[in-house]
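Subject: Structure handover and findings

Hello,

I am handing this structure over to you. Please have a look, then read the notes that follow.

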Amino acid sequence: MKLFFTFCILLLVVSCIPSERGNIKLIKKFPKEKYLSGELIKLEKNPLLVNDFIVVDSLIIAESAYIENDTIFSVYNKNTFRYLNSFGQKGRGPKEFLEENPIITGQYKMRNNDICIWLGDLFSYKLVNITKSIKENKTVIERVISLPKSVGTGGDNVFVFENDDLLGTPFDSQRGRIFYYSAQTGEVKWVEYFPKVNNPPIIEKNMHNLYGGPAKLSEDKKLFVSALSLFKRIDVFDNNTNHKVFY
């Protein structure tokens, strides 16, 4: 009986060991540690329960967790903290958001001196012209990229390229850990779930929860970094989903 239990323990340990071998770098200590400090800022017309915000150029764009006066976003001047305007309504119209709290992806671009940001809205990503939305007192959406059905819903780890291609981790998918969507061909390339475990403690349709974690695209958009919270590892890919190294 003792031999049987010993065999079971060994089998359990082996099943939890990643099956692949690759270019491994062990991090014992992070090279730089930064401690952030600041002061409390009182905003004019402060939104109730700020869910998220982004600072772009001279603007602070705050998303309210509670929709006040039917608007989702409030915009302020970064230097004076002066309230400029609000925009964004929940609904099914062409200039509205399905999500009560669209995802601020952190991606922005300048178009003819206008500030534009990408927002995730359930099954699509929308490029919103903030400058025009403030001036025209309405939501100005300049571009919409719909996610393919195989990807399902998006998340805050999906990144948009200049040619409208998408690279990221799906919020809920049985297909894989990372996807690349070509806007030109409509094809989706997947990176399967890894590192593999022989007996994952989760059913297949919830596999994304096992491999969940933050992801970022480098500033030059050449490297994609994916961290796995439960596996305590960080993987680096190129922008064509080829695996480079893991830490």
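Asparagine 137 sits in the loop between α2 (130-136) and β8. Helices here are DSSP runs of H or I with at least four residues, strands are runs of E with at least two, and both are numbered from the N terminus. Phi of asparagine 137 is near 60 degrees, a positive value in a residue other than glycine. Asparagine 137 is exposed, at 53% relative accessibility. On this scale, buried means under 20% relative accessible area, exposed means over 50%, and partly exposed lies in between (1.4 Å probe, protein chains only).

This is a predicted model: local features need pLDDT of at least 70, side-chain atom pairs count only at pLDDT 80 or more, and totals for chains, interfaces and linings use all residues. Residues are numbered from 1 along each chain as its sequence is written, and side-chain values use heavy atoms, with hydrogens and water left out.

Backbone

Aspartate 164 also has a positive phi, near 75 degrees, and is not a glycine. Its place is the loop between β9 and β10. Aspartate 164 counts as buried, at 13% relative accessibility.

The peptide bond from phenylalanine 194 to proline 195 is cis, with omega near 0 degrees. Proline 195 belongs to the loop between β12 (188-191) and α3.

Tyrosine 83 is in strand β4 (residues 83-87). Tyrosine 83 is buried, with a relative accessible area of 18%. Leucine 59 is 24 residues away along the chain, and the two C-alpha atoms are separated by 9.9 Å.

Salt bridges

Side chains of opposite charge can pair when their charged atoms come close. The criterion for a salt bridge is a side-chain nitrogen of Lys or Arg within 4 Å of a carboxyl oxygen of Asp or Glu. The whole structure has nine.

One of them joins glutamate 162 and lysine 109, with the closest N and O atoms 3.3 Å apart. This pair links distant parts of the chain, 53 residues apart: glutamate 162 is in the loop between β9 and β10 (166-168), lysine 109 in strand β5. Glutamate 162 is exposed, with a relative accessible area of 60%. Lysine 109 is partly exposed, at 22%.

Glutamate 142 bridges to arginine 111, with 3.1 Å between the closest N and O atoms. Glutamate 142 lies in strand β8 (residues 141-146) and arginine 111 in strand β5, so the pair ties together parts that are 31 residues apart in sequence. Glutamate 142 is partly exposed, at 28% relative accessibility. Arginine 111 is partly exposed too, at 34%. Arg111 and Glu142 also belong to a network of salt bridges with Lys132.

Arginine 233 pairs with aspartate 235, and here the closest N and O atoms are 2.6 Å apart. Both arginine 233 and aspartate 235 are buried.

Pockets

On a 1 Å grid over the protein atoms alone, a pocket is an open set of points with protein on both sides within 12 Å along at least five of seven lines; a cavity is a set where a 1.4 Å probe fits but cannot get out; lining residues have an atom within 4 Å of a point. Points are joined across faces, edges and corners, and the volume is the space filled by probe spheres set on them.

The largest pocket holds about 420 Å³. Its lining has 19 residues, and Gly106, Gln107, Tyr108, Val160 and Lys221 lie nearest its centre. Two or more lining residues come from each of β5 (103-111), β9 (158-160) and β13 (215-217). β5 gives the most, with six. The lining divides into seven nonpolar, four polar and eight charged residues. Nonpolar covers Ala, Val, Leu, Ile, Met, Phe, Trp, Tyr, Cys and Pro; charged covers Asp, Glu, Lys and Arg; the others, Gly among them, are polar.

The second largest pocket has a volume of about 250 Å³. Of its 17 lining residues, Thr169, Pro170, Phe171, Gly212 and Gly213 are the closest to its centre. α3 (207-210) and β14 (223-228) each supply at least two residues of this lining. β14 gives the most, with three. By class, there are six nonpolar, nine polar and two charged residues in the lining of the second largest pocket.

Best regards
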